[in-house]
Amino acid sequence: MARRQPTFKPYHQQQLMLLPPSLDELIPKDHACRVINDVINSISLEPLHAAYHTIGSSSYHPQMLLKVLVYGYVSNIYSSRKLEAACKESIYFIGAARRFLSSMSYPDHNTINRFRGVRLKDALRKIFEEVVLLLAQEGLLSIEEVYTDGTKIEANANKYTFVWRNAIATNKEKIKKQLAHIWEYAQSVATAEDSLPDPPDFTTISKEKVQDTVDKLNQVLGKKENIDKKMKAKLGYVTKHYPSNIARYEQQEAILGDRNSYSKTDPDATFMRLKEDHMRNGQLKPAYNVQISTSNQFIVNYSLHSNPTDTNTLAGHLDQYENSFGSSLKSITADAGYGSEENYTLLEEKQIAAYVKYGLFDKRQHNSFNKKHPFSADKLHYNLQGDHYICPMGQKMRYIGNKISRTTTGLFKVPGCTKLLTAVNVL
């Protein structure tokens, strides 16, 4: 008896088709490339068009390149060479990028890199805002009520080539002491003819002041024959290195600005402590502090900061939002990392409803914490008529004085009862 053969579906590689299937038939109706295609077709790309020259040979259409880039990122494809290959091999890339274009063009990796590194650089923010407004019009998100948080992203920079503000200050102090030491020696061997003036004032040190001091020291000690050899060697080292060192320090301080550090291979990156500390040794790494506001799990606003603490980034983040959408928020929700007197004042001035805790909010809800701190500032009673505080034991507290300090952002604050009670009242 003959063995029954299995049944297979038709497979004819050489079979011709009278009407070949279109790309629209081959891509599922609910595929992500259709969503990207429709969204990018719905927004204005005028800011991106402005990045192209009006003369010269024709360029690949920016709408097509933007679709390729966005769908590649959605598909976890970031390499320009892989994106180039996908444009030739993946039907989804072809469908997303060329469904409504007149020609089947295939951009190479150089074109893709040039597009995202040069063309898209200045227009990305405007395109992002267009997408956010489109989603808001569709009712998918709210641009008035947002949730804000920050994350630190490690920079693609060398971890061991860094500049620290404290190191610059220390080196400047060493230069001051060395110059003062040599100046004292010069005064001890100088004659009346040398007319060596009083030691220079190094309260503030600059390249010009150091150079002038070195020139005067060489003028006095250079014509002396019997001077100490060690002192002569020191003067030679100072003459050769100090003016150029001070010039370098001034340049580094200009790059630092208000920061305490930066990476030499990426001057915009600041050294921060990241959560991904696998060695658990508290190593600082060059990074950026990215602030993100979301609504209904969509990103509504983003801003990049060099400050490692979230507390000091809120003002800049809100300014970026107002520049993008021309109005202020109605409400903001954030964690205790943003809870500070300065931020509460800022939100109150902008009339933004703040759902922001301060640092000790959760601890103060527990009786164990309150028992350990029975005389904390929020436990004190203020007597308005007598203008004094009364402790929990009923004793009148004597006024000692005020202590005023300045925060890193320049805000004057008065630590103690007034500041703490103000923070509690705001919440």
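Which residues of α10 are buried? I noted Val210, Thr213, Val214, Leu217, Val220 and Leu221 as the buried residues of α10, where buried means under 20% relative accessible area, exposed over 50% and partly exposed in between, with a 1.4 Å probe and protein chains only. They cover an arc of only 130° around the axis (taken from the directions from the helix axis to the C-beta atoms), which puts them on the same side of α10. On the other side of α10 I found Glu208 and Gln219 exposed.

I reminded myself that this is a predicted model, in which local features need pLDDT of at least 70 and side-chain atom pairs count only at pLDDT 80 or more, while totals for chains, interfaces and linings use all residues. Residues are numbered from 1 along each chain as its sequence is written, and side-chain values use heavy atoms, with hydrogens and water left out.

Next I looked up salt bridges, each a side-chain nitrogen of Lys or Arg within 4 Å of a carboxyl oxygen of Asp or Glu, and the structure holds 9 of them. Within helix α10, lysine 216 and aspartate 212 lie 4 residues apart, about one turn of the helix, and their side chains meet in a salt bridge at 3.5 Å, N to O. Lysine 216 counts as partly exposed at 31% relative accessibility, and aspartate 212 counts as partly exposed at 38%.

I then found lysine 172 in a salt bridge with glutamate 253, their closest N and O atoms being 3.0 Å apart. This pair links distant parts of the chain, with lysine 172 in helix α9 and glutamate 253 in helix α11, 81 residues apart.

Definitions and conventions. Helices (H or I, at least four residues) and strands (E, at least two) are DSSP runs, numbered from the N terminus.
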